[in-house]
Amino acid sequence: MKRSMTALAIAAVALGGCASQTAQAPASPKNIIFMIGDGMGPAYTTAYRYYRAGEAGSEVKPTVFDELLVGMASTYPADNTWVTDSAASATALASGVKSYNGAIGVDAQKLPVQSVLGQARKAGWSTGVVATSQVNHATPAGFVANVASRRMYDAIAEQYVQKRIADNTMLDLILGGGQRYFSRDPGGLSEQMAEQGYQQIWDLADLDSLTQLPAMGLVADVALPHAIDSDQPERLVAMTDKALSLMSEQEQGFFLLVEGSQIDWCGHGNDIACAMAEMHDFSLAIERAKAFVDENPDTLLVITADHSTGGLTLGANGVYEWKPEVVAQVRASVRPITETLMAGSSAELAERWRQHVDFDLSEEELSALDTAYGKGDKALARAVLKVINDRSLTGWTTGGHTAVDVPVMAYGAGAQAFIGYQDNVNIPQRMMAMMGW
């Protein structure tokens, strides 16, 4: 309780004086855009800044993450671990209630909690979720569903279709992956949604065919391909643009959740090139949301992360240097690089390496890959990562999450409320308070 009161006091002081454009905007927004970079700890936003700059000595320009930064948030769950998973953090960011790792929209006693998206629905707002993961993955699920475990993917999908507030489905718009959980068989969830009037697409190339709400675009079997491996690397910005176009046509306000899901997945893989490509797509989606706020100043935009992943460090092995120009020479994630290497003989490793990476292997690196090649694809994947991370001097402490605070960005109507330190539960609490929910 003491922590919450302190955070609210910080917000109250912040509301008394804030700079420029947000100070002139109304404190109670008509629309809320909530964007979550899954796994995006502060090292990721720093890395992206230098990645965009290139070689050391190049001009360093602020990114959109820097321009909108207003504070930081702690992320600990309710189960005395200090280190949260995406489900507990999503529940906290959605409802303002701490819970245990694995919880989706339930408190520590496994009782349902109300989300800010649900409150928006009660108020008559349109609601939507956009994600590059399957749409029933932990983060979007935390805003919509109430189940004991994040692994209950089918139950979560069913709630997306069947859960209702004021006789309306929870969501007007669903964009992302997850076809396998919304069966197109007779009587399946997709058919049920069609009967409820949902326009539906199954390929990202068909986004333009969505012309009105309610709408659902499930454009991958599970998750979309990593941005770095995709023919459409700016897939999140495309979906965000479509979401804003559709939702802004509604007379009432809207609540839109946008998740850059796979920053986290690249972090779990300790794959820095993969992570930077995801950060780029997420940054472009934020730019699009920011432009929407500029055109519609009665909108609040809030961006944060659920936690940080991988213990990313810029600089490693005792060397005081980080080399983003090396990262930029990697054109695929570790899996397709490994698959390409495994598809040929050990004598072809150097040649096949160049299919995805623009720097040549040293004799020592080639020898290490050759040794790993003989041990199978998992050993080879680890060796590939080691080459890239050692070359770029990128460090990682874990394949899991960490407990570090995460950045908070805000822009538009009511953005002042998020200045300074806060806990993750304070973010939705402030959204609901400024709306009188």
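**The disulfide**

Start with the cysteines: this predicted model holds one disulfide. Select Cys 266 and Cys 274, which are the two residues it joins, with an S to S distance of 2.0 Å. A disulfide is a covalent bond between the sulfur atoms of two cysteines. Look along the S-S bond: the angle about it is -45 degrees, and the link of Cys 266 and Cys 274 is left-handed. Are the two cysteines buried or exposed? Cys 266 and Cys 274 are both buried.

**The loop between H11 and H12**

Next, select Asn 270. This residue sits in the loop between helix H11 (262-268) and helix H12 (272-295).

**Strand S1**

Now select residues 31-37, which form strand S1. Seven of the seven residues are buried, so the strand is largely enclosed by the rest of the structure. In a regular strand the side chains alternate between the two faces of the sheet. Show the side chains of S1 to see which way each one points: Asn 31, Ile 33, Met 35 and Gly 37 point one way, while Ile 32, Phe 34 and Ile 36 point the other way. The residues of both sets are buried.

**The partners of S1**

Which strands pair with S1 in the parallel sense? One is strand S10, residues 299-304, which pairs with S1 over six bridges. To find a point of contact, select Phe 34 together with Val 302, its bridge partner in S10. Another is strand S9, residues 254-260, also parallel to S1 and paired with it over six bridges. Here, select Gly 37 and its bridge partner in S9, Gly 260.

**The cis peptide bond**

Move to Leu 213 and Pro 214. The peptide bond from Leu 213 to Pro 214 is cis, with omega near 0 degrees. Pro 214 belongs to the loop between strand S7 (199-201) and strand S8 (215-218).

**The last stop: Trp 82**

Finally, select Trp 82. Where does Trp 82 lie? It is in the loop between strand S2 (69-74) and helix H5 (86-95). Phi of Trp 82 is near 70 degrees, a positive value in a residue other than glycine. With 59% relative accessibility, Trp 82 counts as exposed, because the cut-off for that class is over 50%.

Methods
Residues numbered from 1 in each chain as written. Predicted model: local features only at pLDDT ≥ 70, side-chain atom pairs only at ≥ 80, totals over all residues. Heavy atoms only, no water. Disulfide = S-S within 2.5 Å. Buried < 20%, exposed > 50% of the residue type's maximum accessible area, 1.4 Å probe, protein only. Helix = DSSP H or I, 4+ residues; strand = E, 2+ residues; numbered from the N terminus. Pairing = 2+ DSSP bridges.
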